[in-house]
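Hello,

Here is the structure I promised to pass on. My notes follow below.

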Amino acid sequence: MNDIQLFLAHAIQLEKESARRYEELAEAMQSLGSAEVAEFFRQMAHYSRLHLKEAMERGGFHDLPKLAPDAYEWPEGTSPEAAAWAGADGFMDVPGALALALDGERRSCDYYRAIAEKALDPEVKHMAEAFAEEEAEHVAQLEAWRSRPAKS
């Protein structure tokens, strides 16, 4: 991917899906009675919306760009944030929700790293590296949450 506008359209779609996923996880954790984890997921949704806004501003988009479904260049044919997403269900526990979120963040990080490695356009390369770093921070946050001792 060597077109900055196309890259940003992908980043916007990915972050939009990420924010929606985190909101769903927050609602599921709130229903489960895990307010602290629900708040963490709400914060992660906020970060996704900030990344979405940043990508839109950098691309000069006032509205979400619309690409035809076949114009997206996703690994495995679907966005990294949506690849393993079947939605939160009433049986999802905290470890399951954290694992699902971690999988999405790892896929996103790998996606941006792969673009950075292959990009010939220096602007795309630089931006993909920056987005990969942000996703790596999210991976670290989720891993920290997963390693916390369970509350009784």
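Which residues have the most contacts inside the largest nonpolar core? They are Phe7, Tyr111, Tyr112 and Ile115, in a core of 22 residues. A nonpolar core here is a set of buried Ala, Val, Leu, Ile, Met, Phe, Trp, Tyr and Cys residues joined through side-chain atoms within 4.5 Å. Buried means under 20% relative accessible area, with a 1.4 Å probe and protein chains only.

A word on the source: this is a predicted model, where local features need pLDDT of at least 70, side-chain atom pairs count only at pLDDT 80 or more, and totals for chains, interfaces and linings use all residues. Residues are numbered from 1 along each chain as its sequence is written, and side-chain values use heavy atoms, leaving out hydrogens and water.

Two or more residues come from each of α1, α2 (35–59), α3 and α4 (122–146). Helices are DSSP runs (H or I, at least four residues), numbered from the N terminus. The largest share, six residues, is from α1.

Phe7 is in contact (heavy atoms within 4.5 Å) with Met1, Tyr112, Ile115, Val124, Met127 and Ala128, leaving aside neighbours within four places in sequence. A second, separate core has 20 residues, including Leu25, Ala28, Phe40 and Ala101.

Last, Ser34. This residue lies in the loop between α1 and α2. Is Ser34 buried or exposed? Its relative accessibility is 16%, so Ser34 counts as buried. Ser34 touches Met29 and Val94, not counting residues up to four places away in sequence.

Best wishes

Key
Buried means under 20% relative accessible area, exposed over 50%, partly exposed in between (1.4 Å probe, protein chains only).
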